[in-house]
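User: I have a structure open and want to learn how to read it. Where do I start?

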Amino acid sequence: MRHWMMLVLLVCIVVMLPMPGSANDAQAWKELNHTANQVLKLTKEQRYEDGKRLMSVFADFFLSYDFEDQEWTMSSLRTLTTTFENAEDALTATNMPDDERIRLVTAFRLAIDAFAENSEPLWKSTETQVMASLDDLEEAAVSKDAQALKRQINAFHSLYGMIRPAIHISTTEQTVVRFDSYFALLENQSVSPEQLEDHIETMRGAFKELYEGGGEDGIDPSLLWAILSIGGPLVVSLSYVGYRKYRAEKRRVKAKE
């Protein structure tokens, strides 16, 4: 009975989706957004086979959709493709922890929602989670418990990785470079506890600005000063590579136009 209902749902979704390239592209993405939500629900219910069937709808859409007629950047398209592939892998993997499956499919869900160009993208509803994770980070930093700090950094990394694709799609490459740099500095072994506490407070302000609609400026001076004064070559390298990617992407987009 469940499989029969799932088949009916799939048929309805395929019929309701407008043909790619039509004047009703916005409606197409709205339906895809709804379908992504269904995939996430199925994943949470551990109905992975049903989730994979729904993901095939996305695969057919991607193969036939004329993305060149849209204003999306190649960087955003790569981000969406990667989240799609990660979600597919999560639904087909045999030994992946359930929480990791949910995290990867949630990242895909948030990315699709960001592509749907909602006025209030779904990723902004994660503000409470992010702020709570930063509070836990600060508590671990104050306690000077290295193991607790490592756990909280990993937890924050997991959470940020889940929302990062949607942030990338909704904002700019430069914004992502900025927040990647914030995270990279967390892992710098030469950062003192006092500097780490200050850095977490800076991150808290930056994320608050991002959730309120800003956060699209370049890497702020306080972060650059921290990077240079602490001397983290890995962080500098990450920022430089990200910046080069950003400039190269801008050149490609201009050439395409």
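**Reading a helical packing**

Analyst: Start with one pair. α6 and α9 are roughly antiparallel to each other (an angle over 145 degrees; under 35 is roughly parallel, 65 to 115 roughly perpendicular, the rest oblique). Helices are DSSP runs of H or I, at least four residues, numbered from the N terminus. This is a predicted model: local features need pLDDT of at least 70, side-chain atom pairs 80 or more, while totals for chains, interfaces and linings use all residues. Residues count from 1 along each chain as its sequence is written, and side-chain values use heavy atoms, without hydrogens and water.

User: At what angle do α6 and α9 pack?

Analyst: About 175°, with the axes 9 Å apart. Axes are lines fitted to C-alpha atoms over the stretch in contact, and angles run from 0 to 180 degrees between N-to-C directions.

User: Which residues of α6 and α9 meet?

Analyst: Contact means heavy atoms within 4.5 Å. Among those that meet are V130, L134 and L137 in α6, and L196, I200 and F207 in α9. L134 also touches F156, beyond its neighbours within four places in sequence.

User: Which residues of α4 are buried?

Analyst: They include L77, L80, F84 and L91.

Key: Helices (H or I, at least four residues) and strands (E, at least two) are DSSP runs, numbered from the N terminus. Buried means under 20% relative accessible area, exposed over 50%, partly exposed in between (1.4 Å probe, protein chains only).
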